[in-house]
Amino acid sequence: MQKIQEEILVDLESERRVLSGMLNSEEARIEAYDSLKEEDFYHPLHRMVFSLICQLYKRDVKPTFAELLKESQNLNLFRTQQEISELAYIAEHFIEGENITYWLQRVKDSSRLRKFEAFLRRYHQMIREKQLPVEDLLMGAEEELTNLTVLEKDDHVDSPAELANLGYEEVERRYLRFKEISEVNKGVLPLDGLPTGFDSLNNVTLGYKPGDLIILGAQTGHGKTAFALHTAKAVTIEHKANILYLNTEMSRVQIALRWGSILSQVEHEKLRSGDLTSGEFSKVLQGYSVLSGSGFYSYPCPNLTPEKIVSIGRKFKAQYDIKMMILDYVGRMEKLTPNYAEWQILEQIVKTQKMLAQNLEIAVMCLVQLNEDGSLQGARRMKNECDLMLKMVPVSNEEIEQNEKLKKFRDVNYRLIIDKNRDGRSGIDIMIHFDKARQTLRDARLV
Amino acid sequence: MIIDHKNRPEKWYTELARIIGILQVKGRLKPEEARCLLDIIDLVIIQQDLELFHILEEFTEHESVPETYEIDEIIKATLVATNLKQPESIKQLKAVVQELVRERTRIQNKQREDENEYLV
């Protein structure tokens, strides 16, 4: 009986497989780090190994067997021959990364069963000792059991008191902020999230907030990447936060050259041809020195899939505490399900990005391509999922001449249409200036 | 799928790391010596640094003799003191150790020649 019980509740083999997978495959490390906790392992040594691998992973150190031994040496762990041999046994039981989900599920199932068994024992004891009235006992048991059966580790149901408290704290925060605006900042709104790089857009949105999905649409050759790098500049260089930038169509060199132009204000074409004066060359070097100390992490990846994005996003959140991820751009992503229609694939990608933003508590920006008529493929579905939808469209000279409102601006040549804004005003346009030669953007100046 | 480890370098790597770990637990290796050896097997087996492998291979080819004890100690101290995580340090280490190993081989060859002369 004891043996059967242990076999059901304790699955040491799966624990070893998961740990071995973590030692040998990055994919396995990302999955396990995200979905398991130390207490999900039964064996104390396995808990320790899991914790060590996670610590190394967070420091971006590849957790080889030797690294694990060195880390344990630093922390004065693994003091017996048996412990080291068990670790060697784990290291040898390598599984392919793609099988990790099966072993992870087994570890999770055993962990949940152990919690269930502990729950039964506890309530059995409470019944015997008649500690609580029957009604309270049953209600308490029901709540615990629901948590155990339905909810994942990160899910949480708010009680009325918790929700009221959350509301109170939020209103208090906003009340104090409002006072601060009127007294200290002289009417300038402080941001709730990351800066957008445009004062006018900051005012409308209060910044890109954790959990936000932002979609920016523009036609080919109309500044998608420039907008992405402009955002990156505002977030990483001016705000000093870390960002992950995924580019599906440009090479490393192309991205680096764009930065050179943005940060030095020297024309991009000059950087490409090398036709620079010594003064310009010096400015470019200064620009790269700024980039070098920033939190901009770039991942050029032509064959990006939604699954890979989730995996990379998790990794960078754990290792670099990124506050934002920019995907440039969605239309160039690998289609794993070729039978799907274009809009179905786009919907799938956008849904994944929204979930990622919420789970990692980061802002995610997706760049999409507008059709020639300015419309967007699968626009309604994208709009449903996102928190902020922007379209960047050119403003022609004819339009400026005919429109009195546009005449008020000195150098407007593009507009940002706020198609959707979950937390504020939408249906408005922001006038901007896009300097194509230097790849920079800013609010348009008033006459 | 479980991967067969027979004859794979990873098998040797795990076994070597295990032995180093156990020797340290038993007090036969100092922590810094164990750390250095673990770094070396990471470099040679996992990162496949063949240059370092060949230098160390030459070093271990001939057994120590009293005339080379001093060089052996210098090589060991150099290995232990080097940060084997930094590519620049590794580069310098290889140059220094290679020079020392050559000198060691030269002394051993000379000694062998002297012995042969004596036998003749």
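This is a predicted model: local features need pLDDT of at least 70, side-chain atom pairs count only at pLDDT 80 or more; totals for chains, interfaces and linings use all residues.
Residues are numbered from 1 along each chain as its sequence is written, while chains are lettered from A and ligands numbered from 1 in the order in which they are written.

Let's start where the chains meet. On chain B, 18 residues are in contact with 18 residues of chain A; contact here asks for C-beta atoms, placed from the backbone, within 7 Å. On the chain B side, the elements giving two or more residues are helix H1 (9–25) and helix H2 (31–46). Helices are DSSP runs of H or I with at least four residues, strands are runs of E with at least two, and both are numbered from the N terminus. Sorted by class, that side of chain B has twelve nonpolar, three polar and three charged residues. The nonpolar class is Ala, Val, Leu, Ile, Met, Phe, Trp, Tyr, Cys and Pro, the charged one is Asp, Glu, Lys and Arg, and the others, Gly among them, count as polar.

Now zoom in on one helix pair. Helix H6 of chain A (residues 81–92) packs against H1(B) at an angle of about 165°, with the axes 9 Å apart. Axes are lines fitted to C-alpha atoms, for helices over the stretch in contact, and angles run from 0 to 180 degrees between N-to-C directions. That angle makes H6(A) roughly antiparallel to H1(B), a label for angles over 145 degrees. From H6(A), Gln81(A), Ile84(A), Ser85(A), Ala88(A), Ala91(A) and Glu92(A) meet Thr14(B), Arg18(B), Gly21(B), Ile22(B) and Val25(B) of H1(B). By class, this contact has five nonpolar, four polar and two charged residues.

On to the backbone of chain A. Most residues other than glycine have a negative phi, and most peptide bonds are trans. Gln265(A), in the loop between helix H12 (252–264) and helix H13 (268–273), has a positive phi near 65°. Gln265(A) is partly exposed, with 15 other C-beta atoms within 10 Å. Asp321(A) also has a positive phi, near 50°, and sits in the loop between helix H15 (306–320) and E4. Asp321(A) counts as exposed, with 12 other C-beta atoms within 10 Å. The cut-offs within 10 Å are 20 or more for buried, 12 or fewer for exposed, and partly exposed in between.

Finally, a cis peptide bond joins Asp328(A) and Tyr329(A), with omega about 0°. Tyr329(A) lies in the loop between strand E4 (324–328) and helix H16 (342–360) of chain A.

Notes. Two residues are in contact if their C-beta atoms, placed from the backbone, lie within 7 Å. Angles under 35 degrees count as roughly parallel, over 145 as roughly antiparallel, 65 to 115 as roughly perpendicular and the rest as oblique.
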